[in-house]
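Good morning, everyone, and thank you for letting me take a few minutes today.

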Amino acid sequence: MERADKGLAFMLQYENVAWYDAGEVRILDRRVYPGKIEFVTCKTHQEVTQAITDMVTQSAGPYTAAAMGMALAAYECRNMTAAEQVAYLEKASYTISHARPTTVQRMKLITEGCLVAAKQAILEGKDVSQAIVDHTVESNNTRYNKIEKMAKYLVDMFPNNGAVMTQCFGETIVGQMLKIARQQGKNIRLFCPETRPYFQGARLTATVGHDMGFDVTVITDNMPAFVMQKEKIDVFTSAADAICLDGYVVNKVGTFQIAIVAKYMGVPYFVSGAPDKGHPTVDTIHIEMRDPDFVLQAMGVRTACQGVKGYYPSFDITPPHLVSGVVTDAGIFSPYDLHRYFASGNEGEYTQKDLCV
């Protein structure tokens, strides 16, 4: 089986996202990458859950980590009866899927897909942990291949010698869009806002772009308007943590303000990802508020005086009138017509059907 991470950057390789082996899960610590290549080792599924909560891995990384956490949970309960194993794994599925409140719906699809694979392995007397790992690799292949289709539609929107602005770290779509751009001979310049307070744009998106041989420029989070105007940005693009069926896009905080600027400047904003059935309207979204003290420092160095307060929403919500199109594996859809995506028989990026193959 040829893996779909072939030819992508170091941090997009499955083993370098999160991996289960011999009773532990290793997760690339994206809080310090690329300055350091370090892995956080988790000995229990609760530690995997905490690592996801603590932002050891971000973007789509938690979905692979969650699956590997389920493999670890299977190892933990390996000596129990079949019924006890199922009960243990059901509880682990709930724990892991609720590591971060805004992404619970997608995370449940991951952990519940692993649960189906585990139950089958238990029935057949197979190594349950290995069955979950094998299932995860197959699921990742399915997702990466879907995202490659998205990338082809997205790159069609790029001019041959274009300037593209990103936001935060879109994980797989970043690698796939650059791979497709390279295959099509499109000479893309990337402009990456730094994405405080974790600097995912500066550290992760920029590193993937550089690793794959592209011209990459990092800008601070208060520069997008000037850069769009001065550098003649052709396209603004991001992934999404959720795309509601009513067209509202939930992504890393800062996406909304860049979308406003893009609209004003006449720059199209294309968000990549399939709509989420679990979010029929924007009212179903719960924005995660993180430790406000974290915005009072930068990579461990305090930047504000003692006594001032911080404010840290992890995500913001971009309304559909600022979105030029939703780039899916089945083409580009209007944010006002996302029900048509499912009406055409498409299943989405994270689905029970695909995750249980």
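Predicted model: local features only at pLDDT ≥ 70, side-chain atom pairs only at ≥ 80, totals over all residues.

Let me begin with Val164, which stands opposite Val235 in strand E7. Residues are numbered from 1 along each chain as its sequence is written, and side-chain values use heavy atoms, with hydrogens and water left out.

Strands E4 and E7 pair in the parallel sense over two bridges, where two strands count as paired if DSSP finds at least two bridges between them. Helices (H or I, at least four residues) and strands (E, at least two) are DSSP runs, numbered from the N terminus. E7 also pairs with strand E10, residues 269-272, again in the parallel sense, over three bridges, and there the bridge partner of Phe236 is Tyr269.

What covers the two faces of E7, or rather, which residues are buried on each side? Val235 and Thr237 on one side, and Phe236 and Ser238 on the other, are all buried, which means under 20% relative accessible area, with exposed being over 50% and partly exposed in between, for a 1.4 Å probe and protein chains only. In a regular strand the side chains alternate between the two faces of the sheet.

Val235 also brings us to Phe158, which has contacts (heavy atoms within 4.5 Å) with Val164, Met177, Lys186, Ile188 and Val235, leaving aside its neighbours within four places in sequence. Phe158 is found in the loop between helix H5 (128-155) and strand E4 (163-165), and it counts as buried because its relative accessibility is 3%.

Let me turn to another sheet, an open one of three strands in the order E8-E9-E13, with antiparallel pairing. Strands E8 (242-243) and E13 (315-318) stand at the edges, each with a single partner strand, so one side of each is left without a neighbour in the sheet. Strand E9, residues 249-252, pairs with E13 over four bridges in the antiparallel sense, and Val249 stands opposite Thr318 in E13.

Finally, how many disulfides are there? With a disulfide taken as a pair of cysteine sulfur atoms within 2.5 Å, the count comes to zero. The sulfur of Cys77 is 13 Å from the closest cysteine sulfur, in Cys114, and therefore too far for a bond.
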